[in-house]
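Q: Could you show me how to read salt bridges in a protein model?

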Amino acid sequence: MKYNTAQLLKIFGGLFVLLNILVACNSEQNDLGLGILPDEDLINVRNISVSDKIASYTFTENGIISNKSTTNLLGTLNDPVFGKTTANYATQFRLTSFPDFGTNTVVDSVRLYLFYRNIYGDTITTQHIKVYEMETLLDPDAEYTQDIDLKSMASDIPLAEFDYTPKVVLDSASQDTNYQMLTIPLDIALGEKLISADSLDMVNNDVFLQYFKGLLLESADVSGEGSLVTLHTAASSSFQGSALLVYYNNDENTILLEEDEDPDTLSQAYLITEFSARVSEFKHDYTGAPFLADLDQEEEESDLIYVQPTGGLKSRITVSGLESWKDSTNMGINKAEIIFHVDTIASDIHNYPPPSELLFTFVAPDEEEYRPIDYFFNPLFYGGVLDTSDYTYTFNITQHVQRIIDVTDPDDDDFVGNQGFYLTTGRRADIANRVILKGAKQDGVDMRITYSKFLD
């Protein structure tokens, strides 16, 4: 195909214009088209750090709901930094069918079988457990907090005193921990109570739970470091659950036996199910802890940030000056994130692994804690997961900071104010992992804000 001179000039002219556009688009000082925009529409994007405006304080945490988790903790842990934590556990047992114990039933033995999987602490300290019968009914629909006094709801006479040393066994294929089982022999008197129940006491589980209200497992002090084990007790479609078994014999089981034969012992199971109340009680003793003098006050800032589940410790974080940005007009927050750095030495991450996730909540004007709007936008976007490449927790609170700036009327439903934040563990009642982070005074907390402003 041949081109005349006029066509070639048009082609080269077009290529020249296109080349200039591409160069302009890739220029670091790209001002293509700015000449046709009014000056007031120009946008300036800036990045700032407000880390010097951050302060952190350590507080005890109260009001943790301790009976709504799928797992529970048991044991005593003497943490070299966080002091002593004691976890007690109470649970109900339910009928799976109407028991028929036969004629002239004689109890052979009673066993409590509890499955556990994870251990936080050492595996060499012997734990000592006492088991009591509950005398006060637990309500599966109620909410119990970590400071509940379970012992006051139970009998004074122990059904068992049991020693065990927790152990970890890995599955060679998956490298995950296998379930381990505690087998606790109980006083035969409990079995006799259960087989002596009137038929009217077993017409349904609601009536049965009035007759047998459950068991309390109380952990005693330990001489060594100790540990907290994670109990897996409720049965599910993939897990048989923990149970109480009464082993017995009766006339029907022995009538056909020869004189020299021993009968096969029968058994009746009472299960812990998803409908059973399963309540944890946590006690903390911070005697001698390094943070004790600075606990529960905002006069002296903490050097380190201490975060502990089980109704232990949380950190109050304040970021001063955010509300003053409301005086800046024509501004939008592109990104606001706050980063917390683990003190890997003080936290002793190899012996005490940090939580896999933390939670960053804001304090509303009513002094209650709420999750930022960014969490509900997308939990993955919000963050809080431990990054093991540099041992940091990062939270994206862009929309929350924008709301602090935009909504200034306290009567507005979207008003959040700037009363501060709390840093806690994501799961508070069924994990033992705690962490020590570098405080703001140690430059261990970064808050970075990227914003756009229309130039006047």
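The dialogue below turns to the charged pairs of this structure.

A: This is a predicted model, in which local features need pLDDT of at least 70 and side-chain atom pairs count only at pLDDT 80 or more, while totals for chains, interfaces and linings use all residues. Residues are numbered from 1 along each chain as its sequence is written, and side-chain values use heavy atoms, with hydrogens and water left out.

Q: How many salt bridges does the structure hold?
A: Side chains of opposite charge can pair when their charged atoms come close. With a salt bridge taken as a side-chain nitrogen of Lys or Arg within 4 Å of a carboxyl oxygen of Asp or Glu, the structure holds 13.

Q: Are Glu61 and Arg428 buried or exposed?
A: Both are buried, that is, under 20% relative accessible area, where exposed means over 50% and partly exposed in between (1.4 Å probe, protein chains only). Glu61 and Arg428 also belong to a salt-bridge network with Lys314 and Glu369.

Q: What is the accessibility of Glu337 and of Lys335?
A: Glu337 and Lys335 form a salt bridge at 3.6 Å, N to O; Glu337 is buried at 15% relative accessibility, whereas Lys335 is partly exposed at 37%.
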